[in-house]
Amino acid sequence: MASNNEIERRRTFAIIAHPDAGKTSLTEKLLLFGGQIQVAGAVKSNKIKKTATSDWMDIEKQRGISVTTSVMEFDYHDYKINILDTPGHQDFAEDTYRTLTAVDSVIIVVDGAKGVETQTRKLMEVCRMRNTPVIIFINKMDREAKDPFDLLDELEEELSIHVRPLTWPIESGARFKGVYNIYEHNLNLYQPSKQVVTEKVEVDINTEELDNQIGSSLADKLRGELELIDGVYPEFQVGEYLKGELAPVFFGSALNNFGVQELLDCFVEIAPSPRPVKAEEREVEPDEPKFTGFIFKITANIDPNHRSCIAFCKICSGKFTRNTPYLHVRHGKTMRFSSPTQFMAQRKTTIDEAWAGDIIGLPDNGTFKIGDTLTEGEMLHFRGLPSFSPEMFKYIENADPMKQKQLAKGIDQLMDEGVAQLFVNQFNGRKIIGTVGQLQFEVIQYRLENEYSAKCRWEPLSLYKACWIESDDPAELESFKKRKYQYMAKDREGRDVFLADSGYVLQMAQMDFKNIKFHFTSEF
Ligand code: G4P
């Protein structure tokens, strides 16, 4: 835990959700509390969406989706909040996974009517890999929602995490009366308003006051439910939350700004300040005096007039100061940054200093790669930026013989940015691009044409999974590679990857080669 107050007061987190669960709406409301936008949610989200999310690339403007990740920061009471935005479209899930390596905690938004959805499940798996503390916000309670107890069961079962409600809804949809704040013991009555933050009513639930507020039958029901909650769910322990084992649950309606302040107030209090980060060599504590950080995201074309990129650096320890020489560990070179930036949606300002927990933008002309480490001289390598086995694969071919070089350079740089994964088939030398969704192929093609004047062509390739393989038995590894030589590839780091064309083939391989480990992520 950090002892430096500047670091201690920082809360760096991401809001994650299945598309349409209400991530944008919740982000807007949080920005509202931070004074970053003045219009309470009254304005339809499309308008604020432009403020709340970045839409730097042409392609995302055309498609109306947020492809890139941006950072929003604001002060709330004594806290400095950094929200890392993640792409809304699930084809860019890999980008979201990487962003999760730069946060200290997450808020998961779940649609109260839909419960846990595919993307929620996948994102939670990534959180679990890193024991990231999780708070859950059940949204859209102003609409007919599932029974709250069923929702809690579903969360526990589907997300494999213990839950503990800290607020409790009184009905939902047209009958929605509000939420009872279990840890503050007060009632927050719902008024369907996007502008007025409702007042809290202090109520002793065992008095008639509760009956007067919500009617006797609902009051009795609430008393019964609260008793049940106390009986079923152990008391909330911050320690378990911080270990990523227990998720506190809040209910509300982001669109109506209801239940959001409770969430934020509890969040700033319990969410972790910057946590220690594991490097290959050692664990780095945030309050170490010397600056260290790593690049988790590179974004191109923020300003279409200047074709430069911005590398997003998460500061892991100490203080970053402008114009100070820092070591780019992979290059073994010292670099100075004269215009590091911090972000507020589309606004970015040059900063003189930043602390552990902060995300800074560093102008980049191809010097950075995802995962690069910056230090004051120590040879550190931060880990924890896994690649996941892609879901879709295609051969990439040159469609303009005059532009071979441009294509190679474009592919190289786009892969450095982490747009997709590149494998080279060891049998035929062909390049294979692996993605999470179809949209990524379109983005690659578009960007190769627009930024590198190169043309590519896709050729179909039907694969089930790419698995990183390793073994303590070199002879077995060699024999496997010989047997599967048509399906062996190398990733960009030169590691062996097995391209399984069906689930059955993979299963057989696992059975026949017991001493080989097949990994579905590059971090093992
Ligand atoms: P996302 O970023 O997770 O994709 O979700 P977003 O906030 O954009 O919300 C998705 C849709 O759900 C939006 O409606 C939004 O207004 C609605 N929504 C969000 N929170 C609530 C809530 O608490 N209650 C209700 N009833 N609806 C909510 P839309 O029609 O798709 O877009 P828009 O026209 O409202 O912008």
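A: Two strands are said to pair if DSSP finds at least two bridges between them. Strands are DSSP runs of type E with at least two residues, helices are runs of type H or I with at least four residues, and both are numbered from the N terminus. The model is predicted, so local features require a pLDDT of at least 70 and side-chain atom pairs a pLDDT of 80 or more, while totals for chains, interfaces and linings use all residues. Residues are numbered from 1 along each chain as its sequence is written, and side-chain values rest on heavy atoms, with hydrogens and water left out.

Strand S5 (residues 134-139) runs parallel to S11, and three bridges join the two. Within this arrangement, Ile138 stands opposite Phe251 of S11. S11 also pairs in the parallel sense with strand S6 (residues 162-165), over four bridges. There, Arg164 has Pro248 of S11 as its bridge partner. In general, strands of a sheet pair through backbone hydrogen bonds, either parallel or antiparallel.

Met141 is located in the loop between S5 and helix H7 (148-159), and it counts as buried because its relative accessible area is 1%. An unreviewed UniProt entry gives the feature "binding site" at Asp85, Thr86, Pro87, Gly88, His89, Asn139, Lys140, Met141 and Asp142. UniProt positions follow the numbering used here, feature names are shortened, and annotations may be inferred rather than shown by experiment. Another residue of that record, Asp85, lies in the loop between strand S3 (79-84) and helix H5 (93-99). Asp85 counts as buried because its relative accessibility is 5%.

A further arrangement of strands is an open sheet. Its eight strands follow the order S27-S24-S26-S25-S29-S30-S28-S31, with antiparallel pairing. At the edges are strand S27 (456-460) and strand S31 (516-519), each of which pairs on one side only. From one strand to the next, the twist averages 40 degrees. Inside this order, strand S25 (residues 421-425) and strand S26 (residues 431-435) pair in the antiparallel sense over four bridges. One of the bridge partners there is Gly434 in S26, which belongs with Gln421. Helix H15 (residues 503-512) packs on the sheet and touches strand S28 (465-471), strand S30 (496-500) and S31. The direction of H15 makes about 130 degrees with that of S30; axes are lines fitted to C-alpha atoms, for helices over the stretch in contact, and angles between N-to-C directions run from 0 to 180 degrees.

Charged side chains also link parts of the model. A salt bridge is a side-chain nitrogen of Lys or Arg within 4 Å of a carboxyl oxygen of Asp or Glu, and a search of the whole structure finds 37 of them. In one of these, the closest N and O atoms of Arg492 and Asp412 are 3.2 Å apart. This pair links distant parts of the chain, 80 residues apart: Arg492 is in the loop between strand S29 (488-490) and S30, and Asp412 is in helix H12 (residues 404-416). Arg492 counts as partly exposed because its relative accessibility is 30%; Asp412 is likewise partly exposed, at 39%. Glu493 forms a salt bridge with Arg495 (3.4 Å, N to O). Here Glu493 is exposed because its relative accessibility is 52%, while Arg495 is partly exposed at 30%.

H13 has 15 residues and reaches 21 Å from its first C-alpha to its last, close to the 21 Å expected, where the expected span is 1.5 Å times one less than the number of residues. Its buried residues include Leu439, Phe441, Val443, Ile444 and Leu448. Just after H13, Ser453 takes a positive phi of about 50 degrees.

Key: Contact means heavy atoms within 4.5 Å. Buried means under 20% relative accessible area, exposed over 50%, partly exposed in between (1.4 Å probe, protein chains only).
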